[in-house]
Amino acid sequence: VILHLSLIILDLVVVPQYAMTNYTKIVFVDADLFFLDANKSPDKLFEIYEGYPKPVGRKIAEKDINSGFMVTRPNMTMYWDMVTKFNTLQSPKNGDQGFLNLYYHTFHEGFEYFPEDGFPQQVTNLYQHTTSPALRDDISEDAEVYHPFGPKPWQCPRTGYCAHDQARAIKYIWPQMSDLFWEHYDQMTKAWPWMLKDDNRQYCEMEKPSAKLSYFITKEEMDKERKALQKNE
């Protein structure tokens, strides 16, 4: 089963998958991660990785993984062990990801990692090499998975791009990827119109940026800035 849910128990997002013993293997996918290439199914992950005794994920920092995209095998013994250790195992990074990394490095053999040059080729919006998000590169044809860090596309009106401030706009805003998100969104809501019924729309299509996001630039303003910067290059 490909688990594309955020199930929460004891403030954890990733632990419940270990109790789903009616499945032999699980690909856990954060709700904000999506696959860019329709011809490359995530089902391949079931064939490539075992998920036990080491779960598999994208390597971050020196030896940790990002818990928002991983391959695991349900195991009730491990599930209850995680639950009992949750209140005593204090991660300096907090959250489900901090707990999971500390738990596996402390009590087990750590992790396996998705290869940097194999499937899946994952991209993020982290970027610090330009003076403006208007100069972001287009999406690579090799990219297979996108996982946004920082503000999510749906926290901002679809008419523009948001960040906490101008400095972090350079780091997090990727206009082309935000536009692609809304293309996927339109396809999805057309196929599943119930998603926008009743009060659902207010959570899916915001009229103004989330309260914590003070930087907002419209698509028109971004396009003008891009043309001006390219002219001066």
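Visitor: Where is phenylalanine 111 found?
Guide: Phenylalanine 111 sits in the loop between helix H3 (95-107) and strand E6 (112-113), where helices (H or I, at least four residues) and strands (E, at least two) are DSSP runs, numbered from the N terminus. Residues are numbered from 1 along each chain as its sequence is written. This is a predicted model, in which local features need pLDDT of at least 70 and side-chain atom pairs count only at pLDDT 80 or more, while totals for chains, interfaces and linings use all residues, and side-chain values use heavy atoms, with hydrogens and water left out.

Visitor: Okay, and is phenylalanine 111 buried or exposed?
Guide: Phenylalanine 111 is buried, because its relative accessible area is 5%; buried means under 20% relative accessible area, exposed over 50%, and partly exposed in between, with a 1.4 Å probe and protein chains only.

Visitor: Which residues is phenylalanine 111 in contact with?
Guide: Leaving aside neighbours within four places in sequence, phenylalanine 111 is in contact with Lys54, Pro55, Lys63, Ile65, Leu100, Asn101, Tyr104 and His105, where contact means heavy atoms within 4.5 Å. Phenylalanine 111 and valine 56 are 55 residues apart in sequence, yet their C-alpha atoms are 5.9 Å apart in space.

Visitor: What about H3 itself, which of its residues are buried?
Guide: The buried residues of H3 are Asp96, Gly98, Phe99, Leu100, Asn101, Tyr103 and Tyr104, and what covers them includes strand E5 (64-72) and helix H2 (76-85). The 13 residues of H3 should span 18 Å at 1.5 Å a residue, and its end C-alpha atoms are 18 Å apart, which agrees; the expected span of a helix is 1.5 Å times one less than its number of residues.

Visitor: How far apart are the end C-alpha atoms of H5?
Guide: The end C-alpha atoms of H5 (residues 175-191) are 25 Å apart, which agrees with the 24 Å that its 17 residues should span at 1.5 Å a residue.

Visitor: And what do the buried residues of H5 pack against?
Guide: They pack against strand E3 (34-35), strand E7 (122-123), strand E8 (145-146), strand E9 (160-163), helix H6 (201-204) and helix H7 (219-232). The buried residues of H5 include Pro175, Met177, Leu180, Phe181 and Trp182.

Visitor: New topic: how many cavities of 30 Å³ or more does the structure hold?
Guide: The structure holds one cavity of 30 Å³ or more. On a 1 Å grid over the protein atoms alone, a cavity is a set of points where a 1.4 Å probe fits but cannot get out, and lining residues have an atom within 4 Å of a point. About 180 Å³ of space lies in the largest cavity, with grid points joined across faces, edges and corners, and with the volume being the space filled by probe spheres set on the points.

Visitor: Which residues are closest to the centre of the largest cavity?
Guide: Of the 17 residues that line the largest cavity, the closest to its centre are Pro151, Lys152, Pro153, Cys162 and Ser178. E9 and H5 each supply at least two residues of the lining.

Visitor: Which cysteines form a disulfide?
Guide: Cysteine 156 and cysteine 162 form a disulfide, with their sulfur atoms 2.1 Å apart, a disulfide being a pair of cysteine sulfur atoms within 2.5 Å. The torsion about their S-S bond is about 70°, so the disulfide is right-handed. Cysteine 156 counts as buried at 3% relative accessibility, and cysteine 162 counts as buried at 9%.

Visitor: Last one: which peptide bonds are cis?
Guide: The peptide bond from tyrosine 52 to proline 53 is cis, with omega near 5°, and the bond from phenylalanine 119 to proline 120 is cis, with omega near 0°. Most residues other than glycine have a negative phi, and most peptide bonds are trans.

Visitor: And where is alanine 61 found, with its positive phi?
Guide: Alanine 61, which has a phi of about 55° although it is not a glycine, is found in the loop between E4 and E5. Alanine 61 counts as exposed, because its relative accessibility is 69%.

Definitions and conventions:
On a 1 Å grid over the protein atoms alone, a cavity is a set of points where a 1.4 Å probe fits but cannot get out, and a pocket is an open set with protein on both sides within 12 Å along at least five of seven lines; lining residues have an atom within 4 Å of a point.
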